[in-house]
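The following exercises are to be worked through with the sequence and the 3D structure at hand. Each task is followed by a solution in steps.

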Amino acid sequence: MNTEERQLAEMLHRVTPEPPRRVTVEDVAYRVASEPQRELRSRRGSLWRNRGWTPVLAALSVFAIAGASAGIATVATSHHSRGGAPSDGTPPASASVTGSPSPTSPSQSTSGGQPLRVAGGMWGAELINRGSYMPGSLTGSGDSIFIAGSGSLARIDPATGATLQTTPYNQLVTGRPVIVGNTVWVVATYNGGDIVLHGYDAQTLAQVASVPVPAIGGVSGQSAGVLAAAPDGKLYVAAGDTVAIVDPAARVVTHRIYLTGIQASSVAVSPDGSKLYVGTGPSGSFRLMVYDAATERQVSSSRMPGNAGNLLATDGGVWGTTGPGVNGWRVWFAPGGDLARSFRVSQGAGGSSLPSYSGGVVWVGGTQELVCASPATGHVLARATIPTDNGAIEYFDSPTVLSSGHAYTLYQDQGAQLAGVASLTPPAACRTTGS
């Protein structure tokens, strides 16, 4: 390049400057660290020297800027259409109940924030903990609530709504955690011939057990509600062509109930431990078998069309879900485990709700109504229509009643992008045994 060409290039560069570059957090930190620093002095003399603290100040500048950015993002995402909602600094979670809150270590505690009135205050409903959780995964014991999100199992304080502990956990099959003594049991692996149960300490959520339960013949593709506990603490697992019985104290499979060439898809044990209910069947057909738990001999068998599962046993018989179908999903009750005498308890479109037995009654939620029913007869004791939020679906799932007498449920409002755990004050009819 000759002299004239170089001069021309320099002139063009001056009249066409480079486009401005976005200033990054790293730029600010670099400038803070590079600029001459003054000594930081207290009123009584020099305490900090610029040389030793320059890297720390640079790091703090990055933390402050990143924190401010996160604060701006929180403000931007925490506003929703509900007027008068309290601002607790916690952004509402995604409406999808298949998401997951950010897990915390067992030593951390996350505040639940100020309770928020939801669903028009139906049954006194208030959101006490915000997070995205898996449907049908909420259960309670003593003074704690346990619930699964995608990627974690959480323990929640119902008094404050605070998340006390979490531990990594991916829920692979529908079903709530099972609590035996001071241990929370979940299905950690359920695929092909592999089944593994994990046990967690009910206070710390530290893992205390891992029990392999091989599935003979492979697990069912219709599995839903595959883990149940008997009053004596034994665990029953739908394990392929068998039902495996696990001793949680010894951490081993003690024996099995072998089925006749069919796969177990769901299990439930009666409250007195006398009966075992096993659901089986290919897609489109459901068979319910009743066993004497002491002798492990089959007592009866009945069938119904459709895909069913999520069995729940009470004194009067067995409950389950069927669907979705033309009319959506439905929850049914079979007196004595006889499907020929079964009848619908609740039905609705959208997300179904697993029946739950807690506080002496059976609960069924969903998107249309929330009911409590008699565990002996299956008859509804009280019901409430679940409102919509300006046309958007509001959802309640499987309430649980703690020793305090207070009820809690999984809640979701698609319109307001709210999800989490809500407290309830059910009517007096739901606070009886319903016999």
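**Exercise 1.** Is Cys372 buried or exposed?

*Solution.* The structure is a predicted model, in which local features need pLDDT of at least 70 and side-chain atom pairs count only at pLDDT 80 or more, while totals for chains, interfaces and linings use all residues. Residues are numbered from 1 along each chain as its sequence is written, and side-chain values use heavy atoms, without hydrogens and water.

Step 1. Buried means under 20% relative accessible area, exposed over 50%, and partly exposed in between, with a 1.4 Å probe and protein chains only.
Step 2. Cys372 has a relative accessible area of 0% and is therefore buried.

**Exercise 2.** Identify the partner of Cys372 in a disulfide and describe the link.

*Solution.* Step 1. A disulfide is a pair of cysteine sulfur atoms within 2.5 Å. The sulfur atoms of Cys372 and Cys430 are 2.0 Å apart, and the two residues form a disulfide.
Step 1. Cys372 belongs to strand E27 (residues 369–373), whereas Cys430 lies in the segment after strand E31 (418–424); the pair, 58 residues apart, links distant parts of the chain. Strands (E, at least two residues) are DSSP runs, numbered from the N terminus.
Step 2. The link of Cys372 and Cys430 is left-handed, with -80 degrees about the S-S bond.
Step 3. Cys430 has a relative accessibility of 3% and so counts as buried.
Step 4. A search of the whole structure finds one disulfide.

**Exercise 3.** Describe the surroundings of Val364.

*Solution.* Step 1. Val364 is part of strand E26 (residues 361–364).
Step 1. Its relative accessibility is 0%, so Val364 counts as buried.
Step 2. Contact means heavy atoms within 4.5 Å. Apart from neighbours within four places in sequence, the contacts of Val364 include Trp329, Val331, Glu369 and Leu370.
Step 3. Ser346 is also in contact with Val364; the C-alpha atoms of these two residues, 18 residues apart along the chain, are separated by 7.1 Å.

Conventions: Helices (H or I, at least four residues) and strands (E, at least two) are DSSP runs, numbered from the N terminus.
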